[in-house]
Amino acid sequence: MAETADQFFVILQHWLVGHAPASLQAILSALLSVAAILGVFASLFAITTVFERKGLGRMQNRYGPNRVGPFGFLQPLADGIKSLTKEDIVPQSADKVVHFLAPMMLVLAAFSLYAVLPIGRNMVLADLDAGVLFFFAVSSVMELTIFMAGWSSRNRYSLLGGMRAIAQMISYEVPLILTTVTVIMATGSLSTVTIVAKQAGYTGIVPHWFVFTPWGFAGFVLFMIASLAESNRSPFDLPEGESEIIAGYYVEYSGFKFALFFLGEYLGMFAISGLGITLFLGGWGAPLPFLAWVPSYLWFFAKLLAIIFFFIWVRGTLPRLRMDQLMNFAWKFMLPMALMNLVTAGVWHFLPQGVLRWIVCGLLVVVPYVVLGRGLMQDSKLGKRVYRFAE
Amino acid sequence: MLFTIFAILTVAGAAAAMSLRNLVHSVLALTVAFAGLAAVYLQLGAQFIGLAQILVYVGAVAILIVFAILLTRDNVAHPEPTGGSFWMASGAVALTIFGILAWAIHRSAASRPLASSQPEATMQQIGSAMMLRFALPLEIVGLLLTAALIGAVTIALREKKETR
């Protein structure tokens, strides 16, 4: 019974494809998977916008959307209709073709990211030998589309936002990929399916997820910080800082193209969180051995929603970084920590199992963290802020 | 069939990169050519090279060129037509180089059709080759690139001090 529930969608797909003539089966099977990904993640986007606005509202002591439908849960529908019926304004001096192509390519690239994410047991569109490499290759295309949007609008603010976005994404891609390398070292494979498979099994009730090792924990924290920056989320949302450069690279987009940017950004966020789950949180694996009867895809989406809520929480809590703080943090803290983490993963691999390896690797993570933190905080004068006139 | 599409995409992208007036448009057209080339690699079954091509060329080199263009000059379209008096000379040079390359490739052993089916290198094989057999060359390249990076930063820093 549990087996059937777990494989329900796989069986359904096989059953549907079985009705088609043999020559069309491969194409039909791929089309069904693509349609499922499009439908599921687009609706996840709609749900997330409501949760985000309501969650932020709660944190800021207000209600959030509560007019459309029960508890405001039909708000995305109203937003969608609104953006579809709005006039699509293209600035006169804008580069029409590039301006048109940018949002399309962004959404296309964002959806392609899901091709290699294992959503459940046997539920992956393409089990590529170089899955992780594919993910990063496609996400680098997203950077280019953001530049295209910022440049083609012929607006100083959007160009500034685009350049900020690219500088930030390139800087944080380095620690992001370096932390990913630790997992690749541990599993010896770039395939996302193999990475999930290597994290199966339990010691007592603790699953063999990489986040439960010293290097995996440090790697997961670094990965999450870098993925916040990669998806231009608060506190790294300088490229779209409303108060400084209005909305960054998509100032000049209106109507449905604006909605596409919104969609692309959220899809990128889900995808990179999904990769984080795959790499460090055991993919679709259950957190406790006696919960293994729950279908695997439910675990994946539970973990994904948990990370999304964490992102919303961070957005509601932390102030935006300044540009120099952003760059200093990336190059002076994240990069050395990621490099040290690489060494830690190697040491962990070669030390024999036991308490010793936990102590050594724990020290290898904690000591650089403390030393780096102390070193970077030395110059900054932190204390009670003194106001000259406000008090 | 697929190869024809990718080849047309690559050649058209490269041709557009040369002939477009707006430099940023040229970069975007060049990106199309890079992507077309990556598609050809992927079609040949070289997953690693194809994806690395996208990651490095589309993700890094194209953005590097864009930064260089935006930081060094106005992105106003160039008024004079591309080419000009050098058209004949550069065309002759290009044709000569193409001729030499085509001749060399045609003569070389690599162009002979292989009797056996082509060997397919898995990611694992590429990885262990780079990390074990070719570890030293890889590290030397890494050292060279780091030196270049430090050199570039040093030059940039000195310029900044002078202007202040």
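## Helices α13 and α14 of chain A

In chain A, helix α13 (residues 323–350) and helix α14 (residues 355–377) have axes that come within 10 Å and cross at roughly 170°, where axes are lines fitted to C-alpha atoms, for helices over the stretch in contact, and angles run from 0 to 180 degrees between N-to-C directions. Helices here are DSSP runs (H or I, at least four residues), numbered from the N terminus. Because angles over 145 degrees count as roughly antiparallel, α13(A) and α14(A) are described as roughly antiparallel to each other. Their crossing is right-handed, a term used if the near helix is turned clockwise from the far one by less than a right angle.

This is a predicted model, in which local features need pLDDT of at least 70 and side-chain atom pairs count only at pLDDT 80 or more, while totals for chains, interfaces and linings use all residues. Residues are numbered from 1 along each chain as its sequence is written, and chains are lettered from A and ligands numbered from 1 in the order in which they are written.

On the α13(A) side the meeting residues include Phe333(A), Met337(A), Met340(A) and Trp348(A), and on the α14(A) side they include Val360(A), Leu364(A), Tyr369(A) and Leu376(A); two residues are in contact if their C-beta atoms, placed from the backbone, lie within 7 Å. By class, this contact has 15 nonpolar, one polar and two charged residues, with Ala, Val, Leu, Ile, Met, Phe, Trp, Tyr, Cys and Pro counted as nonpolar, Asp, Glu, Lys and Arg as charged, and the others, Gly among them, as polar.

## Helices α11 and α12 of chain A

The axes of helix α11 (residues 255–280) and helix α12 (residues 296–317) of chain A come within 10 Å and cross at roughly 120°. This angle makes α11(A) and α12(A) oblique to each other, the class for angles that are not under 35 degrees (roughly parallel), over 145 (roughly antiparallel) or 65 to 115 (roughly perpendicular). The crossing of α11(A) past α12(A) is right-handed.

Among the residues that make the contact are Met269(A), Phe270(A), Gly274(A) and Ile277(A) of α11(A), together with Phe300(A), Lys303(A), Leu304(A) and Phe311(A) of α12(A). The residues of this contact divide into eight nonpolar, three polar and one charged.

## Where chain B meets chain A

The contact between the chains takes 18 residues from chain A and 15 residues from chain B. On the side of chain B that touches chain A, α2 (23–43) and α3 (47–72) each supply at least two residues, and the largest share, ten residues, comes from α3(B). That side of chain B divides into eleven nonpolar, four polar and no charged residues.

Trp151(A), found in helix α6 of chain A, touches Leu159(A), Gly162(A) and Val24(B), not counting residues up to four places away in sequence. Trp151(A) is buried, with 26 other C-beta atoms within 10 Å, where buried requires 20 or more such atoms, exposed 12 or fewer, and partly exposed a number in between.

## Loop residues with positive phi

Arg154(A), in the loop between α6 (131–152) and α7 (156–187) of chain A, has a positive phi of about 55° although it is not a glycine, and with 16 C-beta neighbours inside 10 Å it counts as partly exposed. Asn232(A), in the loop between α9 (214–230) and α10 (242–245) of chain A, is likewise not a glycine and has a positive phi of about 55°, but Asn232(A) is buried, with 22 other C-beta atoms within 10 Å.
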